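Dear colleague,

Please find below the structure that I am handing over to you. My notes on what was found in it follow directly after.

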Amino acid sequence: MQEITGLAPSGSLGSGFNIEAFKRGLSLGPHFIGQDAGSTDMGPYYHGTGRPFLPLATYRHDLAIMLRAARAAKIPLIIGSALTSGCDESLATATGIIRDIAREHGLSFRMAVIGAEIGKPDLKHRMTAAPLESIGPEGALTPEVVDRCGPIVAQMGIEPFVKAIDAGAEVIIAGRACDDTVFAALPVLRGFDQGLALHCGKILECAGLSAIPYDLGEPMLGTIGRDAFVVEPGNAAHRCTTVSVAGHSLYERGDFEFQPGPGGVNDLSGTSFEQMDERRVRVRGSRFVADAVYKVKLEAAEQLGFRSIVMVGIRDPIMIRALDPLLEETRERAEARFGMRAEGIHLRFRAYGRDAVMGPLEPGGALPREIGLMIEAVAPTQELATGVAMYSRGHLQHASYPGILTTAGNMAYPFSPFGIPVGPAYRFAVYHLMPLEDPCEIFPMTIEEVRN
């Protein structure tokens, strides 16, 4: 085999994709279909609860098209991070959907299911042997933090997928996995360069985001050869350019030359991008450098309490000028009223239109014409969170500030009731690197014969 081609229907399972472009991609004879189905991008709630990001019907829609196409072409279907967090509960949901689709359409195949959730007793035992390296949370990971978290998952590398393919799996449904490994495993098993395979996988996992025009729901093909890989959109009207592909190679990166992942780092310092024709780009020079100790990233979230919000619009230029001291005064009043620090209550103001996204890093400039102010409170109970948010709103509604002309009507409410209980609030508490002796040791695999 001198080259191997993977087809990515979309950049996110359940988000939908261009069916005609997918069919065109299939007509080019890919050797497998790969799909990323989860992430930490959606925030800690989904890792804390294990719930999927999207309605199950959307996942079923996409999986039905992919599964039927893969079985018709007799090529593997490889799904990673099912669904969202990749914990055991969401993995079981995903495999249940696959079985239902197989029954409905009379499909038979060998399916590998790879778990990524690590048991808390096992993790605590490993923590006593060697402290885990934090790549986010402050302080050492303790058994108490572990106990407070929801399901804890590890981000698997290519090795569990390779093991499943070696076992004859035609469909692989995996828990939490590093996005690029979903697409790199089969090429590496077939003897292709791991650095090229992982870099190509990094392009494919976001599908059409590497093309012009960019679109997460547009399929992408990647063909890996012995010394390079080529990417092209499934949509004949779209195109890859050296800028679009090189630009996406910087996606989700802290360093433009190095992409860390399970077991090592992909070194792109010597990578080159070449425009082959109007629609295709050839990439050379990516190189995988293995770590001395194989490590995987652990992910989990703990519940902080319950969140409530109030959203208001501010159009009064006098109030906008006085906003910062007003918010500080409101915070002091809320502290005096609720004893927030002692009770573990968090109060936050987000001034959209001014600095809600960047905060103190916002360069500033002219005062905005209007601000959307979000008042956010997190407290031990939902009722208390709503109480803190509403109390803060009430003070701002009738606060006195220099130059004030009216004593009411300075804040506009887009809906009623004003206070919105959002539900449980989470934060990532486990975001650590854990060493492994065997890259597959914490990723159990079962093989199932689906027969219909």
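Arg126 and Asp122 both belong to helix α5 (residues 120-129), where they stand four residues apart, about one turn of the helix. Helices here are DSSP runs of H or I with at least four residues, strands are runs of E with at least two, and both are numbered from the N terminus. The side chains of Arg126 and Asp122 form a salt bridge, with 3.1 Å from N to O; the term stands for a side-chain nitrogen of Lys or Arg within 4 Å of a carboxyl oxygen of Asp or Glu. Asp122 has a relative accessible area of 31% and is therefore partly exposed. On this scale, buried means under 20% relative accessible area, exposed means over 50%, and partly exposed lies in between (1.4 Å probe, protein chains only).

Before going further, please note that this is a predicted model, in which local features need pLDDT of at least 70 and side-chain atom pairs count only at pLDDT 80 or more, while totals for chains, interfaces and linings use all residues. Residues are numbered from 1 along each chain as its sequence is written, and side-chain values use heavy atoms, with hydrogens and water left out.

Further salt bridges

The whole structure holds 29 salt bridges. One of them joins Glu299 to Lys297 at 3.0 Å, N to O, and both of these residues are buried. Lys297 and Glu299 also take part in a network of salt bridges with Arg176 and Asp179. Another pair is Asp355 and Arg354, whose side chains meet at 3.3 Å, N to O. Asp355 counts as partly exposed because its relative accessibility is 23%, and Arg354 is likewise partly exposed at 23%.

The chain as a whole

The protein chain contains 14 helices and 20 strands. Its radius of gyration is 25 Å, close to the 22 Å that the globule rule gives for 452 residues, so the chain is as compact as a globular protein of that length. This radius is taken over C-alpha atoms, and the rule is 2.2 Å times the number of residues to the power 0.38. The C-alpha trace spans about 75 × 55 × 45 Å along its principal axes. Of the 452 residues, 53% are buried. Among contacts (heavy atoms within 4.5 Å) with a separation of 6 or more, 77% are between residues 24 or more positions apart.

Which residues of helix α7 (residues 158-166) are buried? They are Ile158, Pro160, Phe161, Val162, Ala164 and Ile165. The buried residues of α7 pack against several elements, including β3 (77-84), β4 (109-114) and α9 (194-204). After α7 comes Gly168, which has a positive phi near 90°.

Lys202 lies in helix α9. Is Lys202 buried or exposed? Lys202 counts as buried because its relative accessibility is 8%. Leaving aside residues up to four places away in sequence, Lys202 touches Asp180, His248, Tyr251, Glu252 and Gln259.

Leu268 sits in the loop between β11 (264-267) and β12 (272-275). With 12% relative accessibility, Leu268 also counts as buried. Leaving aside residues up to four places away in sequence, Leu268 touches His199, Ser249, Arg253, Glu257 and Ser286. Leu268 and Arg284 are 16 residues apart in sequence, and their C-alpha atoms are 9.3 Å apart in space.

Cysteines

How many disulfides does a search of the whole structure find? The search finds zero, a disulfide being a pair of cysteine sulfur atoms within 2.5 Å. For Cys87, the nearest cysteine sulfur is that of Cys149, 13 Å away. Cys87 is buried, at 1% relative accessibility. For Cys440, the nearest cysteine sulfur is that of Cys178, 15 Å away. Cys440 has a relative accessible area of 15% and so counts as buried.

A patch on the surface

Tyr352, Val357, Met358 and Leu361 form a nonpolar surface patch with about 450 Å² of accessible area together. Patches are made of residues with over 30% relative accessible area and no salt bridge; like charges are joined within 9 Å, and nonpolar side chains (Val, Leu, Ile, Met, Phe, Trp, Tyr) within 5 Å. Accessible areas come from the Shrake-Rupley method with a 1.4 Å probe, and for residues only the protein chains shown count as cover. Met358 is in the loop between β16 (346-352) and β17 (371-379), and Met358 is partly exposed because its relative accessibility is 42%.

Yours sincerely
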